[in-house]
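Keep the structure in view while reading.

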Amino acid sequence: MATVGGDGDNANMETNQPNVETFFELEESQAVIRELKCCGCCSRCILRLIGVKRQSSYIDPLEVLSQLLKSKENGSSPSQEAEDGSAEPDGEPNASSHQPAGGLPSVTSGVCSVCLGILQGPCEKSHVLDLAEQVREADFGFENFTMSMVLPLQLLIREHCIFLHLKSMFSELYQKSSHGMIATIKEVYKWVCGPVMGDALDVSFYFKSPMEIMVTFTHQETEEELNKLLRRSKDNQPQRKRAKFFNAAANAPGRPVVISTIKDLPNSLFKELFSCPPSIPRSPCTTEVACWYSAVFVAGRYNKYSRKLSQTPWLIDGERKTESSIQEIVCDPLKELFKASEFRFSASGREDVDVRTLGNGRPFVVEILNSRRPIPSQAELTALQKRINKSTPDVRIRDLQCIGREDTNKLKDGEEIKTKSYSALVWSSPEQTAESLAFLSDQKDLVLHQKTPIRVLHRRALATRERIVHSMSATVKDAHHFRLFLKTQAGTYIKEFIHGDFGRTKPSLGSLLKCEVDILELDVESVDLDWPPSLSEPEDSDEDNSEQAKEVDRET
Ligand code: ZN
């Protein structure tokens, strides 16, 4: 790789010494440039193909090319004019059919044979401003964005064509250079158009952002090239591979399929199929723009203080069975905050409608889809959390925060390993005393065999599951009532453990105490999953809900 021109950052205009790094020595680059012009390459593709990797070089590619062609290494004139004789004595190309009249070495008036025009018209400011206007009309709020592109796959073929041609023309120069070493069409488009788009929308263009402006290019005129490649390659496949290949390639061949097909095809066969250099197209690509936010994940923990509230909307035959649900109380305001169209709520397990969830609460994650605004700050989320907590005495949420997609696994992973603590108000006959209940504390890691409870048989398969009650203790409330505290493996059916479910859970509290028992109330005291990370919440101290919390932290 050679740097042509001065050492500084700026081109030295006075001596026409451009500061452009290319794969080759200046004279070699000049020869390649002339050849590529004749092949109908646009100026940006020429810069790509001679190895220019600097973003700024692509803003005014004609100027850079002009400097490259005018430059004379070590003061001597280019020793060798291009074989087609297209260079004039002063280094300017003559007005061949490719080049319109004018001082600048405009490369081609036609559509570029390599990028199908993507790095020509669509990179013009007016075109980018058009797209920006369409983005503005889509009415998304955002402070930064990234750009993504969908390109016609036949570009892969055409790039291979031009490389094969360059390798045959300049075998020494292009021996080691390959597709992987040049700036891609995507990179160049983003380098040129990203900042212009950002200026037009008055927001920052980043190479990574949750807000994506996607530009889709299609080029119908050359689509047949792709079919030609895939058809030919199918014929080339061994018989047993054919069906598999055809399935993969049918309808919508992916980029990897096209790349591997090109790679597998011998160059001689490839050249039979496609002209190298590639043919000059008549029309440029068409452009479409769309934007969206990638999904955002919000995590938190909830307490449920009501025995008449379901976790998700509870409908039977279209009729509501509960007035509201945790999901609605938490997600509706989130949906509004994010201006989202959809969400998905998931929690680390679920409690029955008549079971409260106390202690530190139950972890949950909300996936927010098609949001139309930037990710809110933690302060905004904390304010929303406050608002949700004020809206109802039945639910209190905490630690509301944005998390990464990868963190959502922790909710699922936790389900396998977590333990839960419960307290239950139990009725018994005959009456129990502290002494008669004391032996429960000695029971450690008691193994239960639970047949699928009768109450869930309509939705769960019949099976016998082994579950563990890690520890228990009881405190007497009055003659016929005591409170039972349990720590169990996740997935244990607590109600069934207490009343025995007609002998379907063995052993049960009733069988251990050898008396008749029933469960009157059940609370989840803790879900032992230390996630999401706890946030300090100083505002809690002056919340109405702290009293609510105290009230439910009752002891009997
Ligand atoms: Zn091009």
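## Overall fold

The chain holds 17 helices and 18 strands. This is a predicted model. Of its 556 residues, 49% count as buried. Take the contacts in the chain with a separation of 6 or more: residues 24 or more positions apart account for 76% of them.

## Nonpolar cores

The largest nonpolar core has 65 residues. Six of them touch the most other members: Ile-118, Leu-119, Phe-142, Tyr-174, Tyr-189 and Ile-213. Helix H6 (residues 185-201) supplies the largest share of this core, 8 residues. Both domain 1 (1-110) and domain 2 (121-235 + 252-292) give residues to the core, so it lies between them.

A second, separate core has 25 residues. Among them are Ala-424, Leu-484, Leu-512 and Val-517.

## Around Tyr-174

Which residues does Tyr-174 touch, leaving aside those up to four places away in sequence? They are Phe-24, Val-32, Leu-49, Ile-50, Phe-163, Leu-166 and Lys-167.

## The H1–H5 pair

Two packed helices are described by the angle between their axes and the distance between the axes. Helix H1 (residues 26-38) packs on helix H5 (residues 154-169) at an angle of about 135 degrees. Their axes are 12 Å apart. The crossing of H1 and H5 is right-handed.

Key. Residues numbered from 1 in each chain as written. Predicted model: local features only at pLDDT ≥ 70, side-chain atom pairs only at ≥ 80, totals over all residues. Heavy atoms only, no water. Core = buried A, V, L, I, M, F, W, Y, C linked by side-chain atoms within 4.5 Å. Buried < 20%, exposed > 50% of the residue type's maximum accessible area, 1.4 Å probe, protein only. Helix = DSSP H or I, 4+ residues; strand = E, 2+ residues; numbered from the N terminus. Domains from an automatic or database assignment. Contact = heavy atoms within 4.5 Å. Axes fitted to C-alpha atoms, helices over the stretch in contact; angles between N-to-C directions. Left-handed = near helix turned anticlockwise from the far one by under 90°.
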